[in-house]
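Load the model in your viewer and keep the selection panel open. This tour goes stop by stop.

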Amino acid sequence: MAIGDVSYWIEKSNKSGLVSEESYIVGRGNELFLRILGGQQERHVMTATASEDDGGIKVFGDRARLVEAAFKIGHKWETVPIAKRDRLDREYVSICTLTQSEGESDEEYDEDLDKFLTEFFSILDVGRGPEDRARDEMIDIYQAIAGDDTGGAVYLSDGLWLGSDGSIEDRGR
């Protein structure tokens with residue numbers, strides 16, 4: 001899907017442990033940003049806390065930016081987002097529930113979701129400059145070499161550690 005220069009994809013999720021009639025993920029590239037749980041008439045949209053089980057699609061590494069965008073879109077759409085914790089005590093934001101109104105066509109309902117997601121990614125991308133893109137590249141490297149979703153720093157070499165937020169820390173040898 002794409003409107004203007006904002007593009008994203010939606011796929012069925014393969015994540016185990018989610019209790020829902022249907023489960024979808026929303027992302028760009030090979031990064032996962034949001035989960036959509038529910039059914040055709042009611043969709044619960046929330047930030048993602050963990051990668052997909054097959055490891056092919058990794059959760060977006062900048063959780064602070066993701067949470068900030070979730071609260072901003074919730075405020076803009078007047079949905080009252082709520083910070084919650086999943087069963088592994090990871091924080092996520094329940095952003096909203098989109099409900100199909102009686103008489104609303106499936107196409108109109110899908111258009112509302114598309115408008116919401118397009119606006120979410122526009123908010124997420126505001127103010128992105130070269131420094132942000134460099135940090136994103138470091139986050140991609142972190143995700144490629146991290147062995148799990150714990151978010152702990154990984155050792156590079158010569159006393160340098162790479163954090164899940166793309167930061168590098170020199171802890172000495």
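What follows is a list of selections and what to find at each.

**Ground rules**

This is a predicted model: local features need pLDDT of at least 70, side-chain atom pairs count only at pLDDT 80 or more, and totals for chains, interfaces and linings use all residues. Residues are numbered from 1 along each chain as its sequence is written, and side-chain values use heavy atoms, with hydrogens and water left out.

**Stop 1: the helix pair**

Select residues 63-76, helix 1, and residues 106-125, helix 2. Helices here are DSSP runs (H or I, at least four residues), strands likewise (E, at least two), both numbered from the N terminus. The two axes come within 9 Å and cross at roughly 130 degrees. That makes helix 1 oblique to helix 2. Axes are lines fitted to C-alpha atoms, for helices over the stretch in contact, with angles from 0 to 180 degrees between N-to-C directions. Angles under 35 degrees count as roughly parallel, over 145 as roughly antiparallel, 65 to 115 as roughly perpendicular, and the rest as oblique. The crossing of helix 1 past helix 2 is right-handed (the near helix is turned clockwise from the far one by less than a right angle).

Now show side chains. On helix 1, pick Arg-65, Leu-66, Ala-69, Ala-70, Lys-72, Ile-73 and Lys-76. They meet Phe-116, Glu-119, Phe-120, Ile-123, Leu-124 and Asp-125 of helix 2. Contact means heavy atoms within 4.5 Å. By class, this contact has 8 nonpolar, no polar and 5 charged residues.

**Stop 2: the core**

Select Phe-33, Leu-34, Val-45, Ile-95 and Phe-120. These have the most contacts inside the largest nonpolar core, which has 24 residues. Such a core is a set of buried Ala, Val, Leu, Ile, Met, Phe, Trp, Tyr and Cys residues joined through side-chain atoms within 4.5 Å. Buried means under 20% relative accessible area, exposed over 50%, partly exposed in between (1.4 Å probe, protein chains only). Strand 5 (31-38), helix 1, strand 9 (91-99) and helix 2 each supply at least two residues of this core. Helix 2 gives the most, with 8 residues.

Centre on Ile-95. Which residues does Ile-95 contact, leaving aside neighbours within four places in sequence? Its partners include Leu-34, Val-45, Ala-70, Ile-73, Val-80 and Phe-116. Another core, of 6 residues, lies apart from the largest one; Trp-9, Ile-25, Leu-32 and Ala-48 are among them.

**Stop 3: Gly-27**

Move to Gly-27 in strand 4. Buried or exposed? Gly-27 is buried, at 0% relative accessibility. Beyond residues up to four places away in sequence, Gly-27 touches Tyr-8, Trp-9, Leu-32 and Phe-33.

**Stop 4: the loops**

Select Ser-16, in the loop between strand 3 (9-12) and strand 4 (22-28). Ser-16 is partly exposed, with a relative accessible area of 45%. Asp-53 and Arg-87 touch Ser-16, not counting residues up to four places away in sequence.

Next, take the loop between helix 1 and strand 8 (82-85), where Glu-78 sits. Val-80 is in that loop too. Phi of Glu-78 is near 55 degrees, a positive value in a residue other than glycine. Phi of Val-80 is also near 55 degrees. Glu-78 is exposed at 72% relative accessibility, and Val-80 is exposed at 64%.

**Stop 5: Arg-135**

Finish in helix 3 (residues 130-145) at Arg-135. Arg-135 counts as partly exposed, at 28% relative accessibility. Draw a distance to Gly-166: 31 residues apart in sequence, 5.3 Å apart in space, C-alpha to C-alpha.

How values were computed:
Nonpolar A, V, L, I, M, F, W, Y, C, P; charged D, E, K, R; others polar.
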